[in-house]
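Subject: Structure handover

Hello,

Here is the model for your own work. My notes on it follow below the files.

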Amino acid sequence: MTVLLWVVLPYVAILVFVLGHVWRYRYDKFGWTTRSSELYERRLLRLGSPLFHFGILFVLLGHVGGLLIPEAWTDAAGLSETAYHWIAVVLGTIAGVLTISGMAILIYRRRTVGPVFIATTRNDKLMYLVLAVTILLGLGATFLANVAAGGYDYRHTVSPWFRSVFLLRPDAQLMAHVPVLYQAHALSAMTLFVIWPFTRLVHVLTAPVGYLTRPYIVYRSRTPRPARRGWAS
Amino acid sequence: MRVMAQMAMVMNLDKCIGCHTCSVTCKQTWTNRTGVEYVWFNNVETRPGLGYPRTYEDQEKWRGGWRLNKRGRLTLTAGGRVRKLLSIFANPVMPRLEDYYEPWTYDYATLTTAPLQEHPPVARPKSLITGEDTRITWSANWDDDLGGALEHARGDVVLAKVSEQVRFEFEKTFMFYLPRICEHCLNPSCAASCPSGAIYKRTEDGIVLVDQDKCRGWRMCVTGCPYKKIYFNHRTGKAEKCTFCYPRVEVGLPTVCSETCVGRLRYIGLVLYDADKVLEAACTPDDTGLYEAQRKVFLDPHDPGVQRAAEEAGIPHDWIEAAGRSPVYALISTYKVALPLHPEYRTLPMVWYIPPLSPVVDVVRDTGHDAEDTGNLFAALDALRIPIGYLAELFTAGDPEPVEASLRKLAAMRAYMRDINLGREPNERIPQRVGMSGESMYEMYRLLALAKYDERYVIPAAHAEQAQRLEESVTECSLDYEGGPGMGGSGPFGETSGQPVPVAVENFHVLRERQTSDTAAGRLDRGARVNLLNWDGNGRPDGLFPPRGGDDA
Ligand code: SF4
Ligand code: SF4
């Protein structure tokens, strides 16, 4: 069971995530969009969307810091465990609160603004559900472990496991005795990665950072691009 | 010198009768689909008036186009790259649907299905966005023919720039129509605003297009275009714009709006220009210098040096020859009667306008004078500062001189041709007074008044060896669309996933659905959604495939 959850599942998730994106990109470039609903409603979106997006970007940064950077490195940099812990908790809480309040506004908006609700597909609803559960579990785990239970150092268990998966030496035992909320959060996140390529979340992978460096005006020739399937050219 | 060719248009405003045929045929062809109900690639505005979307010319508010920063460098009015990326999660200045209008239809079915009752049944307006009953409060031409005149005309951004007294007189006296399409600018701020780089200018003919496969729906282009000629398709989540009917133009046919124009007032032709000078022209310090500066970017297609450079730049021979016969070049550079719309936006627009003389003629005639006499017309032009001031705000960033010069030529042409038509000796002094010869005035008359089909449209066909497949699609990409999930319905991952469908195919399906469906509006197209993740492989869920025969539609 442990192996199934913490070895098989992660690799399945990674595989689906990567191949799913490749497949979607080839099959469905036209559907690859944010599907913005700003045209329908602007006031709530302008509040909720930046809150959520900036919040989640900070959360992402936090995860990079917490999961990828081994404790040995921060120790070497002279950062004590308590100092690290407090920085993580404070910054994490701020980011978490931003994200959650942004998400609350966005979900409220989705439900109550007529045209936005009509434009919401079942696919979107599923995505919202998994995303919200993942975020809530993550926040819950942090909160309970740190505030109620007096601190839990995931950098001895979850983080090494996470790295072990990517180093192709998965160590399932590391996750076996982790508090259940952390486990639930990880499982829910893996579910999210599995459905990711098939939802509107794909827009994340095409965040337009190239805009910073490309020339303003794009010129393109009418000359045909390499032939696509189904067409002789 | 780097020679490039641009397909461009000139409209002769004197002849526009405001019939909206161009808008309707364009809509029928391109935007008759769900998601773009509110979109008019071609619209006709009554001036003075608010325009569509309302007050789009107020760049303090909408922040479109370019402006010079303190150091004299060209920057996007809405802010540079970093600013754009930071505000990507919610575009701060995107027009709302209300600024265009909420599209609607009528519940016509009640008219025939209502039971016998005392009062005749009415077809209620239904919103195409929500499908619910709606109140109609605005449309793309709500203030047509000065409907609700003063109240709306007062909101006219251009009018606000001319003085109070002038404004009042203007409202009483003048009215004309302004048909607008995308300007296919030489320096398109829409393309510059696109974070994904999906909007591009075609090197061969300068047509500005949105790559539907690369657009991710960031909506920055909507803000970036000062003419508000990029629209967001709220179903597909992608930007769409006027395509200059490139599938037609590539085979030598005029655009749909031009072909169907009742006034036959649109001219299409090639212009050769020096791509190296575009930026310099766009950086002209004075707004009023922009008209001249842009005209200087164009190259004389009769000049052998230009022809050689064009040849070297790979422009085919017949294109260079067509550029020499171009009515657009003639009207802009030879006769200098056509002017650009709002050059102060610094995008170097490529749809130019011949300002209308008819308001002036009307005034002269109404006062009982001879409206075809140069003396009277010139005197009127001098007296009527008002329309000239207004036209100058539209076409030359406020400089009355070029507008006046253009109108004088039109007035002179009227008077000169009357003598000829009445069999009298033509008065050569008339053309001389506006700096033209009798011969070139007659040529201009041919082009403007007779406006023969093959003189109005000089469109060299695209070269097969470099042509895209000439199929009809807003998307400018070749598609394997047969049976594709996007066909008239929805794909599995959103409103329209899969591959884009040629517009004609989508139109066909949508129209058929609309005409045979039981619901008035709204959900009908959206009902056809399916989520593959919820499908266990048994049966055929509704909407997985678009309706096939007439029987299940
Ligand atoms: S007028 Fe057309 S080409 Fe010019 S900025 Fe607007 S959309 Fe772009
Ligand atoms: S079809 Fe021609 S005359 Fe009629 S509104 Fe359009 S441009 Fe004007």
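**Confidence and overall content**

Chain B of this predicted model has an average pLDDT of 84, and 82% of its residues score at least 70; pLDDT is the predictor's confidence in each residue, on a scale from 0 to 100. Over residues 466-490 of chain B the pLDDT is below 50, and this stretch has 99 contacts in the model beyond near neighbours in sequence, where contact means heavy atoms within 4.5 Å. Residues 522-535 of chain B also stay under 50 in pLDDT, with 43 contacts beyond four places in sequence. For the complex, the predictor gives an ipTM of 0.87 and a pTM of 0.86.

As for conventions, residues are numbered from 1 along each chain as its sequence is written, while chains are lettered from A and ligands numbered from 1 in the order in which they are written. Local features need pLDDT of at least 70, side-chain atom pairs count only at pLDDT 80 or more, and totals for chains, interfaces and linings use all residues; side-chain values use heavy atoms, with hydrogens and water left out.

Chain B contains 25 helices and 14 strands; these are DSSP runs numbered from the N terminus, helices being H or I with at least four residues and strands E with at least two. Of the 553 residues in chain B, 61% are buried (buried is under 20% relative accessible area, exposed over 50%, partly exposed in between, with a 1.4 Å probe and protein chains only). Among the contacts in chain B with a separation of 6 or more, 71% are between residues 24 or more positions apart.

**Strand β14 of chain B**

Strand β1 (residues 3-12) of chain B is joined to β14(B) by 4 bridges, and the two run parallel. Strand β13 (residues 339-340) of chain B is joined to β14(B) by 2 bridges, and this pair runs antiparallel. Two strands pair if DSSP finds at least two bridges between them. B:Trp352 in β14(B) is the bridge partner of B:Val10 and also of B:Pro340. In β14(B), B:Val351 and B:Tyr353 point one way, B:Trp352 and B:Ile354 point the other way, and all are buried. In a regular strand the side chains alternate between the two faces of the sheet.

**Salt bridges**

The whole structure has 31 salt bridges over all chains, a salt bridge being a side-chain nitrogen of Lys or Arg within 4 Å of a carboxyl oxygen of Asp or Glu.

- A:Arg155 and A:Glu71 form a salt bridge whose closest N and O atoms are 4.0 Å apart. The pair links distant parts of the chain, 84 residues apart: A:Arg155 is in the loop between α6 (122-148) and α7 (158-166) of chain A, and A:Glu71 is in helix α3 (residues 71-76) of chain A. A:Arg155 and A:Glu71 are buried.
- B:Lys126 and B:Asp133 meet through their side chains at 2.9 Å, N to O. B:Lys126 is buried at 17% relative accessible area, whereas B:Asp133 is partly exposed at 47%.
- B:Lys296 and B:Glu292 form a salt bridge with closest N and O atoms 3.8 Å apart. They are 4 residues apart in helix α13 (residues 290-297) of chain B, so about one helical turn separates them. B:Lys296 is exposed at 56%, and B:Glu292 is partly exposed at 34%.
- B:Glu45, B:Arg47, B:Glu57, B:Asp156 and B:Arg180 are linked in a network of salt bridges.

**Ligand 1**

The shell around ligand 1 divides into 8 nonpolar, 2 polar and 2 charged residues. Among the residues around ligand 1 are B:Cys182, B:Cys185, B:Cys190 and B:Cys225, as well as B:Glu183 and B:Lys241; a residue is near a molecule if one of its heavy atoms lies within 4 Å of it. Ala, Val, Leu, Ile, Met, Phe, Trp, Tyr, Cys and Pro count as nonpolar, Asp, Glu, Lys and Arg as charged, and the others, Gly among them, as polar.

Regards
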